[in-house]
Amino acid sequence: MAYSNKVIDHYENPRNVGSLDKDDPNVGTGLVGAPACGDVMKLQLKIGDDGIIEDAKFKTFGCGSAIASSSLITEWVKGKTVDEAMTIKNSEIVEELSLPPVKIHCSVLAEDAIKAAIADFRKKQAARAATGQAADARQPRAATGK
Amino acid sequence: MAPKLPIYMDYHATTPVDPRVLEAMLPWFTERFGNAASRNHSFGWAAEKAVEIARQRIASLIGAETPGEIIFTSGATESDNLALKGVADFHRDEGNHIITARTEHKAVLDACKRLERQGCAVTYLDVERDGRVDPAAVRAAITDRTVLVSIMLANNEIGTVQPIAEIGEVCREKGVLFHTDAVQGVGKVELDVESMKVDLASLSAHKIYGPKGIGALYVRRKKPRVRLAPIIDGGGHERGMRSGTLNVPGIVGFGEACAILAAEWRGESARVGSLRDRLLAKLQASLDEVHVNGSLEHRLPGNLNVSFAYVEGEALMMAIKDVAVSSGSACTSASLEPSYVLRALGIGEELAHSSIRFGLGRFNTEEEVDWVADLVVDKVRKLREMSPLYEMAKAGIDLGSVDWSQNAH
C-alpha cells in the first residue's frame, strides 16, 4: 500500500495522542469501530462552557490510514465550536490525506468518532442540567445521540 | 550498529537466487541456448543433458526413485493445478471426490473451487488449533468416490508442518492418490516421497534460492502409477503431461538449488531455526501478549507468525518499514478480510488483524535478528501506547464483553 506523504507524516508524528479524563463533565468520549474489524478509534474532546473545543486527544487501533485520520481530526476540531465540528465530512478527510478507496472506511470512522464524542458530551450536559447541578445556559441543545 | 537496510524477512514469499545457482545458470542463456527437444544437433543434446542432470538432482532431493517422475512446470501454482485438475479429469469415471484442508494455498483451494463448479465434490477438512490436519479425519472423509487427497507439506503463513507420512499411509491403504504441495517445506524439513507414500508433489524453485518461473510436479511412476490428463496441450513434452519448450536455464538453476540443499539443508535448517527461536525469545522477553500462531513443535524452522495483541498488523509493518515481512491483517489485503489460515485455526479476528509473519532464511544473520527484535519491541510499545484496546485491557476491561456492534461497520 503506497501512502501519501500526509498519511505518513501523521502516522510517524501523530498529533494529540493520549487520553482526557472521561469523567470530566466537559469531556466527551467517542469510541467507534470494533477490534474484529481491525479498527477502533477513541476520540476525546474537551469542550468549554462557550461550546468551543479546547482540546482533543485520540487513541487508535488500526492501520496507518486510521491513525492518520484520527490524528488529522484532532487538529481540525480544536478551536471549532461543536456545531462546526459536527459538519466535518469524511470526504474532506479522504481529500486531505489522499486516501485510496480501500481506506475510505477509516475516514468514515473518524467522522463517526467526532459525532460520538459530541453526543457523549451532550448527554453528559443534559444529565447535568436535569439533576440541576451547575446548569449551563449556553449548553448545547439536548442530545439524543447521533 | 545497524545492519544494512532494508532487511529481508519474507523468505516465504520468495528468496534471492543463490550466487552459486546464478553462476550455474548463466551459460544456458547465451552460448548453450539450445532447445532440449532438438534431437538432431549438439545444441539440443547439451540442453537435454543439462535438463536430465537437473531432473536427477531434484528427484534425489525428494527421494523419488527415477528422474522421469519429475515433470517441469512454470511454478507451483501450475503444479497444483495440474495435480488436482489432471487427476480429477483422468479419473472422472471412477470418482469425483477430492479431500483437502481449509489452510491450503489458494492454488489448491481455487483449483478445487473450479472443480466443484465442474461437478466434483470437495471436502475441506478443518485443522486443529495448532494448524495440523488429523490423519484420522482424512481417513474418515475418504469414500469410494474419492480420487485424490491434497494436503500441503508446510503452510506458507504459519509454517505448520503436516503429518505427511501418516496421511500417506492412510491414502495408500485406502487406494487413494495423495498429492502434497511441498513448496514451503522442501529443503527445510524432511520430504521423502517413497517412505512418506506421496504420489504427487508440487515444487517451486524460487522458494529455495532458485529462479522464479520454474517449478515441478513429482508424478509417481510405479506402485501406483499415477495417471493424469494434461492441462496444457502441445508438443507432448514431459511424457505428455506438460507440453511447452523447457526453460533450460531455469531448470539448471532449479537443479543446482536442489543440489545445494541436498548437501546443506540440515545444517541450514538448524541455523535458521535457532535464529527464529532467538527472535521469538527476544520479543517475548520484552513484550507481553505475544501470541504464536500455529504449532511451535511442527513448524518450518524459518517461520515465526505472531500476533502482537492490541496492535494492528499493517500499522506495525509501516512502523518497521525497513524490514520486509508480511501480515495476516485485512488491511494488507484487497478483500479487507483477515487471513483465512489464521481464522481456520480459530484465532479471533482481532488477533488475526494483529499478526505478523517473519520468514527467515539463508542470508539472515544474528545481527539482523537482534536489530529487528529491538525495533519491533520499540514500535509495538509505541503503538500500544496509542491503542485504545491496550488502554482498556490494562484498565481491566474484558474486550470480549464490550458490545462493539453499536460501533461496528
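Predicted model: local features only at pLDDT ≥ 70, side-chain atom pairs only at ≥ 80, totals over all residues.
Residues are numbered from 1 along each chain as its sequence is written, chains are lettered from A and ligands numbered from 1 in the order in which they are written, and side-chain values use heavy atoms, with hydrogens and water left out.

Okay, the interface. On the chain B side, 28 residues are in contact with 33 residues of chain A; contact means heavy atoms within 4.5 Å. Together the two chains bury about 2500 Å², with 67% of that from carbon and sulfur atoms. Buried area is the accessible area (1.4 Å probe) lost on putting two parts together, summed over both.

What about charges? The rule finds four salt bridges across this interface, each a side-chain nitrogen of Lys or Arg within 4 Å of a carboxyl oxygen of Asp or Glu. B:Glu314 and A:Lys103 form a salt bridge, at 3.2 Å, N to O.

So which helices of chain B touch chain A? H8 (313-319), H10 (349-353), H11 (366-385) and H12 (388-394) each supply at least two residues. Helices here are DSSP runs of H or I, at least four residues, and strands are E runs of at least two, numbered from the N terminus. The largest share, five residues, comes from H8(B).

Last stop: B:Val17, in the loop between strand E1 (7-8) and helix H1 (19-25) of chain B. B:Val17 is partly exposed, at 32% relative accessible area, where partly exposed sits between buried (under 20%) and exposed (over 50%), using a 1.4 Å probe and protein chains only.
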